[in-house]
Amino acid sequence: MASFHLCSCKTTIQAQKNLAPSTPFINNQADLYTHLTIPNNPRSNKFNHLRLRTLPHKMTQIFNHMDKSIISPSSSTVHEDPLKIGIIGFGNFGQFIAKALKRQGHTVLATSRSDYSDYCKEHGMEFFSNMDAMCEEQPDVILVCSSILSTESVIRKIPMHKLKPDTIFADVLSVKQYPRNLFLEVLPPEFGVVCTHPMFGPESGKNSWAGLPFVYDKVRITGNSAQDRKCAHFLSIFENEGCRMVEMSCEEHDRHAAGSQFITHTIGRILSHLDLESTPINTKGYETLLQLTEHTVSDSFDLYYGLFMYNVNATEQIENLDRAFETVKQKLFGRLHDILRKQIVERVPVQGLPPKTREPNPTPYFLPTNEKMKDLTSFARPPPLQQNNQDPLATTIPKDTQVAPRQ
């Protein structure tokens, strides 16, 4: 293989009008120096005479940069122009995503109900107080970062006629079937749709996005087109940040999210009502529960409600969680019932305690035995064992009192 170092020589006028505007050069390794004449301007008679120095074991191609049609995708990478990305909803999460977009050299436009003009000016972004003004800038991608509950009203207010026909709409909502169906219903058919969900947030991704999952579904993208290239360029932003790219349908995402994200938020919300506090003897597991509670409560309840309301699998998970809790309770109380029944009915001693001896009943029997039963006096209650504990109801029958036998 060979490589060429170009050095500029004197410009000469040559009558070589039939020379192709762009001529690939095949190196001859037998020559140490090779001269090549290529046109400086295809419409002029001026040509640059270049002196090429051959270095063994390396090889490239020489092109005319004026004609990009001869560039082979396998031999050269075409540089993509920065995207112009408009963010709708510039709250905490919108700013979190915007920093990565700006970090990779893309133009960031933002609009929101609140005024973030100072923040955008400080970070090299452009803020628009209303959506119409932002859409007049014709961004390549519209990224919806609004809350789940307000998404529909936001989408229906977008002036579609001000956007380019190949505009791509993307979202970062925690549910996917809902925005997908909404996009397909409201947006013009030529607009692209890609549903995404970064499975992390400002807290979990504050240090790095490396290895964090990024779910996406290219719902409606025209293949082998400028729209397709823009979509790939947009997704490469997250790939370049180190995300683990996961292509997944919206239905599959919602099914998995209900069993992971929604359950996590539900457990965190339940624990928050227990008012858990840190102790001097915290275990690692307890520390995890405290962190879970803190992270879930830091999100708004509207987010949690949106996870429940707009995911068709959430209700099933609530029922599964309720059944699982009842199962655990039954196991606990079922075992406790068995232990109590043995102690009460079968007189089984509790483990770890000495067996309890049964004391004799100090109260004498009222009825005499058959051998001692002779007459009515046999039914008289015998005197108490201890004089101090004399029964006040006991009656004394005089000794001289005898019952005459019946005639």
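What follows is a chat about this predicted model, going from its sheet to its rings, cysteines and one histidine.

Trainee: Let's start with the open sheet of eight strands: what is its strand order?
Mentor: Pairing in this open sheet is mixed. Neighbouring strands are turned against each other by 25° on average, ignoring direction. Reading across the eight strands, the order is 6-5-4-7-8-9-10-11.

Trainee: Strands 9 and 10 are joined by bridges; which residue in strand 10 is the bridge partner of V194?
Mentor: Strand 9 covers residues 192–198 and strand 10 covers residues 213–220. The two run antiparallel, with six bridges joining them. For V194, the partner is K218.

Trainee: Helix 5 packs on the sheet, so to speak; what angle does its direction make with that of strand 8?
Mentor: Helix 5 (residues 177–186) touches strand 7 (141–144), strand 8 (168–171), strand 9 and strand 10. Taking its direction against that of strand 8, the angle is about 155°.

Trainee: On to the rings: how many aromatic pairs are there, and is the one between F200 and W209 stacked, tilted or edge-to-face?
Mentor: The count comes to 16 aromatic pairs. F200 and W209 are both buried, and they belong to a cluster linked by ring pairs that also takes in F93, F96, F214, F234 and F238. Their centres are 5.1 Å apart with 50° between the planes, which falls between the 30 and 60 degree limits. So the pair counts as tilted.

Trainee: What about C250: how far away is the nearest cysteine sulfur, and whose is it?
Mentor: A search of the whole structure turns up zero disulfides. C250 is in none, given that a disulfide needs sulfurs within 2.5 Å. The nearest cysteine sulfur is 4.2 Å away and belongs to C195.

Trainee: Are C243 and C250 buried or exposed?
Mentor: The cut-off for buried is under 20% relative accessible area. C243 has 7%, and C250 has 1%. Therefore C243 counts as buried, and C250 is likewise buried.

Trainee: Last one: which residues is H233 in contact with, leaving aside its neighbours within four places in sequence?
Mentor: H233 lies in helix 6 (residues 226–240). At 15% relative accessibility, H233 counts as buried. Beyond those sequence neighbours, the contacts are E80, D81, L83 and H106.

Note on methods. Residues numbered from 1 in each chain as written. Predicted model: local features only at pLDDT ≥ 70, side-chain atom pairs only at ≥ 80, totals over all residues. Heavy atoms only, no water. Helix = DSSP H or I, 4+ residues; strand = E, 2+ residues; numbered from the N terminus. Buried < 20%, exposed > 50% of the residue type's maximum accessible area, 1.4 Å probe, protein only. Contact = heavy atoms within 4.5 Å. Phe/Tyr/Trp six-rings, centres within 6.5 Å; stacked < 30°, edge-to-face > 60°. Pairing = 2+ DSSP bridges. Axes fitted to C-alpha atoms, helices over the stretch in contact; angles between N-to-C directions.
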